[in-house]
Amino acid sequence: MAPVAGTTGARSSGELARPLAPSEGVTERSEDHSTDTVLNARADARAQGGQVSDWMPYLPASSSPFCPDDVAADSLTWAETVAPGGYTHKVLARGTRFRLEDPTGEACAHTLVYNALEPTERLNVADTQKIPWQAYLGTGHPLLSGDGRVLATIVGDTSGRHDAFCGTSTAAWNALRYGTALPEGPAPAGRDLFVKAAAKHGLGPADVPPSVSFFQSVRVAEDGSFRWVGSSGAGTSVELVAELPLLVLIANVPHPRDPRPEYVVGPLRVHAWRTPETGPTTPEDERFDASPEVRRAYLNTLDYAEARGL
């Protein structure tokens, strides 16, 4: 089955966060747009259904043209290419694996995760750094909530260039940096895109906490300042497992510490899948006992899930 473009809302389903040239990012475009009658308008609308964009969700997910080699297409539950300057959001079942890929070396996946059952429980960046006694994200690193539970765990990483210090960009920062920050303009801010994504799940601006980012990195220098490291290059990925039912929000925008004066960001590929072999972290996994504090966080998570029959 050919991939079909989604229709779930502006920019979360492939719309760009910057003006497009007439043919940019879209193929199979109809040249006849006659809408002078109701019937012609309906025919024109239906004719757009075959369009394919460079950035779009693939429906069904199994139709993704970029399905990872080690994943069965029929196990996919989410497949999407997120536009530069775009955002996406998805609710995932507990035990789902989801992989973010940077095909060009320019993506920056600012990411928030929430307990989908009770979204007042959400990513807490301070605890995500404190509980594992590690400020830099990598394989085995848990993403914790403020309730002492693990929302997701990084289970694979070929990039090693991530950030849990700086959060995402704001409208004030982008307006100063790029001269504009409108969500529909050429330089949208990450926080504004998070607010738009959160609103689709009944959440407001106060429900958007600091985020982590994947594929672009800083390091802390000896004097305590941030040293820009950037990307590790094209073709890298990071894979996570949902330890609870998750609401995932992603804003694909430049890192706020990126020193380049231009608004530079590349597309982001997202795939999620679930099989009998995938599942959340268990006591048999080595990462479960990475430290006494991490063990307690996983025990808290298991207690919550088992009490709810998850």
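Leu143 lies opposite Ala152 of strand 8 (150-157), in a predicted model where local features need pLDDT of at least 70, side-chain atom pairs count only at pLDDT 80 or more, and totals for chains, interfaces and linings use all residues. Residues are numbered from 1 along each chain as its sequence is written, and side-chain values use heavy atoms, with hydrogens and water left out.

Strand 7 (142-144) and strand 8 run antiparallel and are joined by three bridges; two strands pair if DSSP finds at least two bridges between them. Strands (E, at least two residues) and helices (H or I, at least four) are DSSP runs, numbered from the N terminus. Five residues separate strands 7 and 8 in a hairpin, and Gly148 in the turn has a positive phi of about 75 degrees. Strand 8 is also antiparallel to strand 13 (residues 236-242), with five bridges between them; here Ile154 has Leu240 as its bridge partner. Six of the eight residues of strand 8 are buried (under 20% relative accessible area; exposed is over 50%, partly exposed in between, with a 1.4 Å probe and protein chains only).

Turning to helix 5 (residues 292-307), its 16 residues reach 23 Å from first C-alpha to last, close to the 22 Å expected at 1.5 Å a residue (1.5 Å times one less than the number of residues). Val294, Ala297, Tyr298, Thr301, Leu302, Tyr304 and Ala305 are buried. Seen down the axis, the buried residues of helix 5 fall within an arc of 160 degrees, so they line one face; the arc is that of the directions from the helix axis to the C-beta atoms. The face turned away carries the exposed Pro292, Arg296, Asp303, Glu306 and Ala307.

Definitions and conventions. Contact means heavy atoms within 4.5 Å.
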